Amino acid sequence: MKPQYLLSSFSILLLFLHCTNTFAQSPAAAPAQAPAVVASPPAATPTQAAAPHGITNVTIILEKAGHFTIFIRLLRSTQEENHLFSALNDSSTGLTIFAPTDSAFSELKSGTLNTLSDGDKSELVKFHVVPTFLSTSQFQTVSNPLGTWAGTGSRLPLNVTSYPNSVNITTGLTNTSLSGTVYTDNQLAIYKIEKVLLPKDIFASNAPAPAPVAAAPEKPTKAVPAVTVESPAASVDISSALIFTHNLLVGSVGLLASAMFSL
């Protein structure tokens, strides 16, 4: 009985040791992973929220409006397109552009643009650009003549007159009115016109001023014979002398006759 008890106790001990060794060799359970947290992006600052305002492209505006093909071609060929882009980027006063339509250019004498030099073409384009933003209401108070990119002076006059329903533009060679607004914001205004603004500096007659009229030569006058006017005193003296001489001779003759009779 006692040996069986010992055997049973020994078996239980071995089983206990085996279980203890097994648990010791088993890897420890990995700790539970916390749920992944997705970091939210930082809130956008005001400068990030608003995309930077793009520079206004004049030629794109005119292309979308249509009927400005020739003016666009001039802007590009004279490089004034780049000048406009830079000015709109740097200027704080804005720009006003008077854009002639294709029909406006068709009214020019055939071949007019081809006869212009590159400098004249550039000046023609600049004559249509005013270096400040003008709304339609501001034409009522603007001072004449308007300065343009082409300059100012008697050879480059540009005058505007505002009426209740229209704005008239004159250059001394061109007389037209605004026929519509192509584009406007607080920096750029583009107005449609139906005639090309012709500056006197290019299109006025360059003929030299007429020479001053020479004074007409004086007509020769006929010589008038001199008239000798005898002095009355001289006449009197001569007459007296003649009378004295006559009397003297008569007296002498009388004396001579008396002397002869005495003999």
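In the protein chain, 66% of the contacts with a separation of 6 or more are accounted for by residues 24 or more positions apart, a contact being defined by heavy atoms within 4.5 Å. The model is predicted, and local features accordingly need pLDDT of at least 70 and side-chain atom pairs count only at pLDDT 80 or more, whereas totals for chains, interfaces and linings use all residues. Residues are numbered from 1 along each chain as its sequence is written, and side-chain values use heavy atoms, with hydrogens and water left out.

The secondary structure of the protein chain comprises nine helices and six strands, taken as DSSP runs numbered from the N terminus (helices, H or I, at least four residues; strands, E, at least two). Of its 263 residues, 25% count as buried, where buried denotes under 20% relative accessible area, exposed over 50%, and partly exposed the range in between (1.4 Å probe, protein chains only).

Six strands form an open sheet with mixed pairing in the order E2-E1-E6-E5-E4-E3, two strands being paired if DSSP finds at least two bridges between them. The edges are formed by strand E2 (129-130) and strand E3 (159-163), each of which pairs on one side only.

Helix H3 (residues 58-65) lies across E1, strand E5 (175-184) and strand E6 (188-193), and runs at about 40 degrees to E6, the angle being taken on a scale from 0 to 180 degrees between the N-to-C directions of axes fitted to C-alpha atoms, for helices over the stretch in contact. In helix H7 (residues 118-126), Ser 122, Glu 123, Leu 124 and Val 125 are buried, and their cover includes helix H4 (69-77), helix H5 (80-90), E2 and helix H8 (200-203).

The largest pocket holds about 160 Å³ of space. Pockets were identified on a 1 Å grid over the protein atoms alone, as open sets of points where a 1.4 Å probe fits, with protein on both sides within 12 Å along at least five of seven lines, and lining residues have an atom within 4 Å of a point; the volume is the space filled by probe spheres set on the points. Of the 13 lining residues, Thr 136, Asn 165, Ser 166, Val 167 and Leu 178 lie nearest the centre of this pocket. At least two lining residues are supplied by each of E3, strand E4 (166-170) and E5, and the largest share, four residues, comes from E5. By class, the lining has five nonpolar, eight polar and no charged residues.

Backbone geometry was also examined. Most residues other than glycine have a negative phi, and most peptide bonds are trans. Asn 144 and Pro 145 are joined by a cis peptide bond with omega of about -5 degrees, and Pro 145 is found in the loop between E2 and E3. His 67, in the loop between H3 and H4, has a positive phi of about 70 degrees although it is not a glycine, and counts as exposed at 62% relative accessibility. Gln 79, in the loop between H4 and H5, likewise has a positive phi, of about 65 degrees, and is partly exposed, with a relative accessible area of 48%.

Terms used: Nonpolar A, V, L, I, M, F, W, Y, C, P; charged D, E, K, R; others polar.
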